[in-house]
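Please consider the structure shown below together with its sequence.

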Amino acid sequence: MDDLVGLAVIVILVVVTGAICGLIALVQLNGLKQEVAVLRAKITHLQTYKSISQSEPQSEASTAQAALSRSEPIAHKAQPSLTSQNASPPVINQLSAPPKKAKPAAASAIELLFNKLRAGFEQNWMTWIGAIALAFGGIFLAKYSLEAGLLSPVMRLSLGGLFGLSLIAAAAYLHHKRIVFEGFNNYIPAALASGGFITCFALTLLAYSSYDMLSPTVAFFALAVIAISASAMALRLGPLLAVLGIIGAYSVPIWVNTGSGNLFTLFMYVGFVSLSAALVAHKVQRAWLWYLLWAGHIGWYLVGFTLLKANTVWLMGAFALLSIVGLIAIPRLGLKLNVIEHRPYSLKRLIKVLPDHALLLAFIAPLIFTMLISHFDMQWQAIGVLSIVLVLFLVLKNSRWDIWQGVTLVISTLLVLGAQRTHLSPNLFDDALFVFKNEYGLGLLLGLLLTAFGLYYGKKQIKRLAFHITGAFSVFVMIATLYTLIPNSALSTAYPLWAVVLFVVAAILIKLAQHNTTLFQRFTYWVGANANITLAITMLLSDSGLTIALAVQVLLISVLIKRYSVPMPHWPIKALVAALLLRLTLAPWTPSYDALTVFGLHWSIVVYPICIALFFAAAKCFDSSKLKIWLEGAALHCLALFITTETSYQLVGHYPQFDSLNFYEQILLTCNWLALGCVYLHRAKLAGTLAKLYQVAGFALAGLAGLFAIKTLLDDNPLFESLYIGELPIFNWLLLLWLVPAGLTLWLAKLVKPINAKATPFILAVAGGFILLAINSFIRQYWQGPYIYLSKGASNAELYSYSVIWLVLGAGTVIFGHLKNQLLIQKVGLGILAAVIVKVFLIDMANLEGLLKALSFIGLGLSLVGLSWLFQKLRSRVNPV
């Protein structure tokens, strides 16, 4: 009885779905009733105003007669009073203006849906509950007859079938007599018919699964006939039966499995059901019936891939292509495919053509994916070519599908990739004619055919830009695909042919661009020609040459946009730049780039500066545009990559390996990333909508630099370990270790202050720590040489030099604070001086005796007195009395 339970669930789903769809239709009737009630209220309101307006002139007439009976002077005295009354708005005008009411708040979508469902259920709840009761009555009748054993199986099924047929006959009779019920006149007949068909459906399943009275084939066709009959009757009784028929018909293979695994029979049945359902949906005119049809058809299409065998590949392809024709082409173009439309559409309109794009991908994507993971043979090759032909044929019929030319180019590329994976052979390149065989010949042929197609129809229909794009870029895409597949050892054989093809196509495009054509056509042909020439040159270079070629292409496109003032959308350029940045970012850690050279130099020292210059040049082509900011950001990213990678490469001979960085690499990365973080934060001020992205990148780089600085301070500190820092004073590794980060941290504090003022004191404290370490380390390096670890000790001269230098720095800091009138700087200077005094008393003078100790104290006192006098002098100048 599990089948009956499952069927009951489907029945509930069907009836509820139909009920919802019917209730939505009933809302229109409710709206009409509400409008009638509002009109009645307005009529009553106007009638009240009319009675008041009729009584008002009568009172005014009596007043006028009384005034005429009086003397003339009195009438003259009363005139101002009448005039003042007339100046005020008449009573009738005040009454005729309806009182203003507060505008009710707009109801939410959930509230509207709930109100619609409630209103529909209140009006037709008895109809729908009756339909559900009839359906379950037929099911429970069959179940009771089975459990009680009252009648023979044949008699039980016959009586149940008679009950179901009686409901269907009653529905047909009521509809034929056009007996009108409350609401729409086909609700009750549809409810009766749905109960009858569900009863027949359940009894057939009972005969098959419980009594074994029917073979799988007979049960299959019986259920199909019942479901299709329900769909056919839906043409007369409405969408409720259409839902029942479509769901029932598509579910028949689930209830009855013949076990044969015959894919041909399954697809024949699904195709027949889809055809019937399409006719019903077209007749009933309900969009949601099409959704059910598409779901059932595509669902069984995907199930067919689980039954795919080597001898049924052609069947899958044929079913997919026929489905495209039946579910996309015929509804748009008519049964004879003669509804032709050549009107050009904008790119936004082409993208929004739904559900055509989604249906095409639903059929093409699984087919191509299966082709890629299967053994590529002539069947798959033929299916791929037929797919391209069909899609291009549909493009010629309807211009709303112009974007599908891109789908054909993708299919062509995947065909080449599938052929390469299957036909890969080590002896393939021994024959010089391999460029005309297998995937190489296929790719070249498809590229030339698509180019010819685009140029020919682009000339006939100039305003359809998709044709021009296909003609300009097909050969480029296909040869670029082949270029990525071919090994370097065989490139010398294929390059002459590919270069000739690219140059010839580029020459044709340039020639066509010079004719009297549209702006978009000229622009597309110029860009296509540049792309072909760039690819031909790139194949002479190494892998980095392709990167440079693509960057040149970005510049050329930008120059053409500026020259011809083409209103081209920015996303294609952004996509190309993003792909380039991804390539440039991953390249340093790609093994094939380790020993790559360009013009005798390591690739990164050539490629990164060239790309930086090209991106900045391209950015200048766009004035006050978001694309300008995007390109400048790309240039900054390349600069970050160049500084990060090249400094490490020149230092240690390889790119940074972040899990095994040495002391010097950590120093360089700290400076590089902290500087780049400050640049990004500075750039955020001018980035507009991209400001948030720049800020995130800037803080991330600054945070990474801080982590490396902490690691250096704790683990690789030259004050604690024997690390070589250089022979020269100041110009040694200490400059990059602490002094440069100190300056960058001060810049960082200035940049962070407008964003988060609370973090600024902490950053300034970090900068002060860097300055303290840098100055003390420079002094120690002067006395100790290239190794400054503290365990070596310190001479008296070194100790005195700390005091003298910090005394001068402290005094200078205080003076600078007075000049700038900055109290914080003054406090810092005084703190330095206090620390120097403490050091002098506790350390420097601890070992002095006699005259030297006295002279030292005298000198210190005179210095402090002199400084005090100088501070007072400066204060009097800054704040005169």
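## Helix packing and local features

Helix α26 (residues 733-752) and α27 have axes that come within 8 Å of each other and cross at roughly 160°. This angle makes α26 roughly antiparallel to α27, where angles under 35 degrees count as roughly parallel, over 145 as roughly antiparallel, 65 to 115 as roughly perpendicular and the rest as oblique. The crossing of α26 and α27 is left-handed, a term used if the near helix is turned anticlockwise from the far one by less than a right angle, with right-handed used if clockwise.

From α26, the contact includes Leu734, Leu735, Trp738, Leu739, Pro741 and Ala742. Contact here means heavy atoms within 4.5 Å. By class, the contact of α26 with α27 has 19 nonpolar, four polar and no charged residues. In this classification Ala, Val, Leu, Ile, Met, Phe, Trp, Tyr, Cys and Pro count as nonpolar, Asp, Glu, Lys and Arg as charged, and the others, Gly among them, as polar.

The model is predicted, and local features need pLDDT of at least 70, side-chain atom pairs count only at pLDDT 80 or more, and totals for chains, interfaces and linings use all residues. Residues are numbered from 1 along each chain as its sequence is written, and side-chain values use heavy atoms, with hydrogens and water left out.

Two packed helices are described by the angle between their axes and the distance between the axes. Axes are lines fitted to C-alpha atoms, for helices over the stretch in contact, and angles run from 0 to 180 degrees between N-to-C directions. Helices (H or I, at least four residues) and strands (E, at least two) are DSSP runs, numbered from the N terminus.

A second pair is formed by helix α24 (residues 663-684) and helix α25 (residues 691-714), which pack at an angle of about 155° with their axes 7 Å apart. Helices α24 and α25 are therefore roughly antiparallel to each other. Their crossing is left-handed. By class, the contact of α24 with α25 has 18 nonpolar, six polar and two charged residues.

### Individual residues

Thr760 lies in helix α27 (residues 760-784). With a relative accessibility of 10%, Thr760 counts as buried; buried means under 20% relative accessible area, exposed over 50%, and partly exposed in between (1.4 Å probe, protein chains only). Not counting residues up to four places away in sequence, Thr760 touches Ala749, Val752 and Lys753.

Gln379 is placed in helix α14 (residues 378-397), and its relative accessible area of 28% makes it partly exposed. Leaving aside neighbours within four places in sequence, Gln379 is in contact with Ala310, Val313 and Trp314. Ile837 is found in helix α29 (residues 823-844) and counts as partly exposed at 25% relative accessibility.

Two pairs involving these residues are listed with their separations.

| Pair | Apart in sequence | C-alpha to C-alpha |
|---|---|---|
| Gln379 and Thr312 | 67 residues | 9.5 Å |
| Ile837 and Ser803 | 34 residues | 8.3 Å |

Helix α13 (residues 356-373) has 18 residues and reaches 26 Å from its first C-alpha to its last, close to the 26 Å expected at 1.5 Å a residue. The expected span is 1.5 Å times one less than the number of residues. Buried residues in α13 include Asp356, His357, Leu359, Leu360, Phe363 and Ile364.

Pro355 is placed in the loop between α12 (347-351) and α13. The peptide bond from Leu354 to Pro355 is cis, with omega near 5°.

### Positive phi values

Leu337 is located in the loop between α11 (313-333) and α12. Its phi is near 55°, a positive value in a residue other than glycine. Leu337 is buried, with a relative accessible area of 17%.

Ile730 is found in the loop between α25 and α26. Although Ile730 is not a glycine, it has a positive phi of about 65°. Ile730 is partly exposed, with a relative accessible area of 43%.

### The chain as a whole

The protein chain has 30 helices and two strands. Of its 881 residues, buried residues make up 44%. Among contacts between residues at least 6 apart in sequence, 71% join residues at least 24 apart.
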